[in-house]
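Dear colleague,

I am handing over the structure we spoke about, and it is shown just below.

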Amino acid sequence: MRFFKGIFALVEGMKMVACHLFRAATTVQYPEERDKFGSRLRGCLAINVDKNGEIECVGCRSCIRVCPCIDAIKIESEKINGGVIINKFEIDKGKCILCGNCVFVCPKGVLKMTSEYEMADSDKTVFIRGIDEMSRFEEEEG
Ligand code: SF4
Ligand code: SF4
């Protein structure tokens, strides 16, 4: 009886293999090939900057309040002459879980999610991105 059960399981398995032989592959040979992702992909964060390289951040810290990760966003700002100067704006992409909360809540559209998804690194310090690094990625993205 066990013999026939084994034969039956083998035939079932071969049937499955035969079905997939004639289907298009759903996997790609990464990293030589890369899949195309939709525009709604939540990749690494970037900052929207204007032509002068300035960000429109008003220092409200709404992004920090909605962020579920401690210290994923660090902002240092000061009020001068009725305006706000941003002295430091950093995202730690090693802590960010790419939830997108900060993007949705920002009243100035400062943050956006990019298509960058290859973030692995052995050096933790490269995960911390300041305005320059984040806006540079934005430029590269086009
Ligand atoms: S995407 Fe989410 S986890 Fe990442 S910085 Fe924004 S709110 Fe925090
Ligand atoms: S929510 Fe937007 S404007 Fe407010 S501190 Fe964060 S990035 Fe700046």
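Lys-74 has Glu-90 as its bridge partner in strand E3. Please keep in mind that this is a predicted model, in which local features need pLDDT of at least 70 and side-chain atom pairs count only at pLDDT 80 or more, while totals for chains, interfaces and linings use all residues. Residues are numbered from 1 along each chain as its sequence is written, and chains are lettered from A and ligands numbered from 1 in the order in which they are written.

E2 and E3 are paired antiparallel through eight bridges (strands are DSSP runs of E with at least two residues, numbered from the N terminus, and two strands pair if DSSP finds at least two bridges between them). Two residues lie between the strands in this hairpin, where Asn-81 has a positive phi near 50°. Strand E3, residues 83-92, is also joined to E5 by two bridges, again antiparallel, and Ile-91 has Arg-129 in E5 as its bridge partner. Together they form an open sheet of three strands in the order E2-E3-E5, with E2 (73-80) and E5 (128-129) as the edge strands, each pairing on one side only.

Turning to the ligands, 15 residues surround ligand 1, the closest being Cys-67, Cys-96, Cys-99, Asn-101 and Cys-102 (a residue is near if its C-beta atom, placed from the backbone, lies within 6 Å). That shell has 13 nonpolar, two polar and no charged residues (Ala, Val, Leu, Ile, Met, Phe, Trp, Tyr, Cys and Pro count as nonpolar, Asp, Glu, Lys and Arg as charged, and the others, Gly among them, as polar). Ligand 2 is surrounded by 14 residues, with Cys-57, Cys-60, Cys-63, Cys-106 and Val-110 the closest, and its shell divides into 10 nonpolar, two polar and two charged.

Definitions and conventions
Helices (H or I, at least four residues) and strands (E, at least two) are DSSP runs, numbered from the N terminus.
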